[in-house]
Amino acid sequence: MKHKLTLLFLLVSFSMLSQERASVSYLNIPIAHVFLDLESKFNVKFSYNSKLISEQLITLEAKEITLEELLFDIEALVDIRFKKETERYYTVQKIKNRSVTDTQHLEQVVVREYLTSGINENNDDTSIILSPEKLGILPGLTEPDVLQSIQLLPGVQSPTETASGLFIRGGTPDQNLVLWDGIKMYNSGHFFGTISALNPYITQDIKLYKNGTKARYGNRISGVIDITSDEDIPKKITGSTGLNMTHTDANLRLPLGEKAAVMISGRRSIADIFDTETFRNLSKRVFQETKISEGNKVTEDDEVTTTKDLFYFNDFTVKAILKPNENNTFLVSNLFTKNKLDYGFLIDAYDEASQDKLDIKNQGSSVKWNHRYNDVFTHEFSAYYSNYDFEYTGINSIPNEFSNRLNKQNRVEDLGVAFDGNYHLGSASTLDFGYQFSSNKVNYALSFEDSESPEDNYNEFNFKTNNNHAVYGDYKYCVLDKWLLNFGVRANYFSVVDKLFFEPRFQLETRLFQNIKFKSSVENLHQSVSQVIEFNTQEFGLENQIWVLSDGEDIPVLKSFQVTSGFVFDKSGWYFDVEGYYKDIDGLTSFTLGFDNIDDFFSKGKSKVLGLDVLVKKKIHNYRTWMSYSLMNNDFTFNTINNGNAFPGNSDITHHFTWSHTYEWKHLEFSLGWNIRMGIPYTKANGLIETLGDPIIDFEETNGARLPNYHKLDVSATYSFNFSKNERWKGKLGVSFLNVYNQKNVLSRKYEIAQSTEDDSLVLREINKNSLGFTPNVVFRIDF
């Protein structure tokens, strides 16, 4: 079965003909003349009201470009939108009320399709922009999940097979800066990370930086994921609602006249109402080898009765948009996400009761004022508040024998204000500058009470505040699709360690030949807040990380230095992107990473990452295929681990290959993708060592072994239709299948000392956590 599916996968790639391309050169040409030229070159027809767009002029030059790429570029230059009615006919609509930030100096912006429709490379700052509203179908996804979509990009991996567990070029998820409308997110996943906590149906753009980070972004050393929700004022009430096999959602956009609007959205899981195959499979993967799945059994024959089983997640957003005139825009955004688990069980033979309660909340608000003084100078005043609240309680008891209670709390409060200015020095030069202040309060509390052994009781509390002052400046020189030079510097003062950190950043892109572009970047980054392993709740088996602030000693300020360099080749529908990078991360500790070697409980170290990302893409009519390959060597060096010698990092994936296909036919979209990678390192155990007390595990070299290779095949399909002829009400049906051939992939391997099932002796037990098996999903949506 596997070989047949792989053969089908290969044959699809070579079943289409080449797509028509052309070269254009327009200099202040009326758009009506441009349409005539395109109709001649591509054998298409445009239908439009000449009175509405007659004054629009186009300046655009491109070589060997497709029609869809041209239309996308034209939309970025003038206030129009194209709608494809048939394979040959397009309608053109005039856009009103485009935001100020969208219309400033757009003649210097070139946006090109990177992977598929809705995933584009922004040559203005080399970020990757994902637009969920325009996003084409992706393998295994029937809906545009904000964070899962990013994982198809080379250099972005998720060894834990979750949406929020993004490892960008050797960095860990807590080293990524995730912003939603300027609000810092400290928890971006639902259901322990399997689903993104950010609603894609109100998201306008997702800007991803893997390198070349702008100086306005700070206090993280890996990637930046900057998410912006809709900022346009609709002419009429619009919205959508949908249901899949994990959750349901709805959103509404309400215009309050021509200058104001309110946008509301909400999502909620359906697990506590309907039992679906999708959620059962997700639960099986999430809870495997945890206290909940095992039920605290002493022997395999123990009877366990579930006394309480409650889990749900939800998120809610409200946004107000006010545009009193063409020079001012006011935005107020609010976000709330929640995950709640309450699970209890009873072991009948011992009358032992256990209960686990978990609450995770992330809420925030932001205010922005964009003002344009003239065509040269604009500024933005902004403020935000973010609050992350984590609380876990675990209780075990047997009546008249013992009772113990474990509590864990983690709270992050982040408040900030900023001024960001933008000054155009000339037609090709821009200066960005600003000041940012944030006050970050982080605390955690751990307590344990045992009625049998009061001497083991403890109560630990930690509270710290970091006031961060930052100033930055970015000078950019950009000539349309020819030159991009960006030099920036950021200065951060972290009060928690009373130090000033400078972060120079440099970026260069230049077109060497007609079809070849060279790119390079250098950046220095620092981070004062990160997650550490919390060992007291290991029995629970979930969410054993907490946010903490650096203290300069046990938890140093993280530092990262990254250099990248590469080439892009684009010709005749082929797109090649090759980029090598070197990253040096300092300030790591065994608290932040966690190792199985119990003798090395605390140690300081660093990481060196050397990698290569390759992307090959081809578009043929309505068919797209792309292959991405990542080669990475991520080595750790710790002063007391492995005798100070380098060893593979926890998430070191040396080889990672993906091959994806999408095809559009009328109202149908199909997608298929194959994912294969090397297994991550783990520390192998040989057995138990007998001591005077309890035995200990005999570990081999740290991360000296690797899990088996990981591979799976995902497919998806959607069908779009209209409920009425005026297209006021639209619908979509979709189906997806993850891990089609049900491959059993091992995601992690640990060891524990357990009681033998045959006698009273203690034995070594291997604990494997496996990936998601074959999992279907179905979605139905209505847009109006």
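# Close-up views of a predicted model

**View A. D577 counts as buried, with a relative accessibility of 5%.** Salt bridges with shared partners connect D577 with R169, K519, E579 and D613 in one network. The structure shown here and in the other views is a predicted model. K519 pairs with D577 in a salt bridge whose closest N and O atoms lie 2.9 Å apart. This pair joins distant parts of the chain, since K519 belongs to strand 29 (residues 516-527) and D577 to strand 33, 58 residues apart. K519 has a relative accessibility of 8% and therefore counts as buried, the cut-off being under 20%.

**View B. R169 and E579 form a salt bridge through their side chains, at 2.6 Å from N to O.** R169 sits in the loop between strand 10 (167-168) and strand 11 (177-180), while E579 is part of strand 33 (residues 574-589), so the bridge ties together parts that are 410 residues apart in sequence. Both R169 and E579 are buried. The whole structure holds 34 salt bridges.

**View C. A salt bridge joins the side chains of R372 and E326, with an N to O distance of 3.8 Å.** Distant parts of the chain are linked by this pair: R372 lies in strand 22, and E326 in the loop between strand 20 (304-325) and strand 21, 46 residues apart. R372 is buried, at a relative accessible area of 16%. E326, in contrast, is exposed, at 59%.

**View D. A patch of negative charge on the surface is formed by E303, D348, D351, E401 and E452.** D348 is located in the loop that runs between strand 21 (328-347) and strand 22 (352-372). Its relative accessibility is 41%, so D348 counts as partly exposed.

**View E. V376, Y423, L425, L431, Y475, Y477 and W483 make up a nonpolar surface patch of about 600 Å².** One of these residues, Y423, belongs to strand 24 (residues 402-424). Y423 has a relative accessible area of 36% and is partly exposed.

**View F. Helix 4 (residues 67-77) is largely enclosed by the rest of the structure, because eight of its 11 residues are buried.** The buried residues are L67, E69, L70, L71, D73, I74, E75 and A76.

**View G. D554 occupies the loop between strand 31 (545-549) and strand 32 (558-571).** With residues up to four places away in sequence left aside, D554 touches T589 and F602. The relative accessible area of D554 is 40%, and the residue is partly exposed.

**View H. Helix 7 (residues 277-287) is mostly covered, with eight of its 11 residues buried.** The buried positions are T278, F279, N281, L282, S283, R285, V286 and F287. Just after helix 7, E289 has a positive phi of about 55°. I273 counts as exposed, at 56% relative accessibility. The C-alpha atoms of I273 and L310 are 10.0 Å apart, and the two residues are 37 apart in sequence.

**View I. E161 and K666 have positive phi values without being glycine.** Most residues other than glycine have a negative phi. For E161 the angle is about 60°. E161 lies in the loop between strand 9 (156-157) and strand 10, and is buried, with a relative accessible area of 17%. For K666 the phi is near 55°. K666 is found in the loop between strand 37 (655-665) and strand 38 (668-677). K666 counts as exposed, at 70% relative accessibility.

Technical notes:
Residues are numbered from 1 along each chain as its sequence is written. This is a predicted model: local features need pLDDT of at least 70, side-chain atom pairs count only at pLDDT 80 or more; totals for chains, interfaces and linings use all residues. Side-chain values use heavy atoms; hydrogens and water are left out. Patches are made of residues with over 30% relative accessible area and no salt bridge: like charges are joined within 9 Å, nonpolar side chains (Val, Leu, Ile, Met, Phe, Trp, Tyr) within 5 Å. Accessible areas come from the Shrake-Rupley method with a 1.4 Å probe; for residues, only the protein chains shown count as cover. A salt bridge is a side-chain nitrogen of Lys or Arg within 4 Å of a carboxyl oxygen of Asp or Glu. Lys and Arg count as positive and Asp and Glu as negative; His and the chain ends are not counted. The place of a charge is taken as NZ of Lys, CZ of Arg, CG of Asp or CD of Glu. Helices (H or I, at least four residues) and strands (E, at least two) are DSSP runs, numbered from the N terminus. Buried means under 20% relative accessible area, exposed over 50%, partly exposed in between (1.4 Å probe, protein chains only). Contact means heavy atoms within 4.5 Å.
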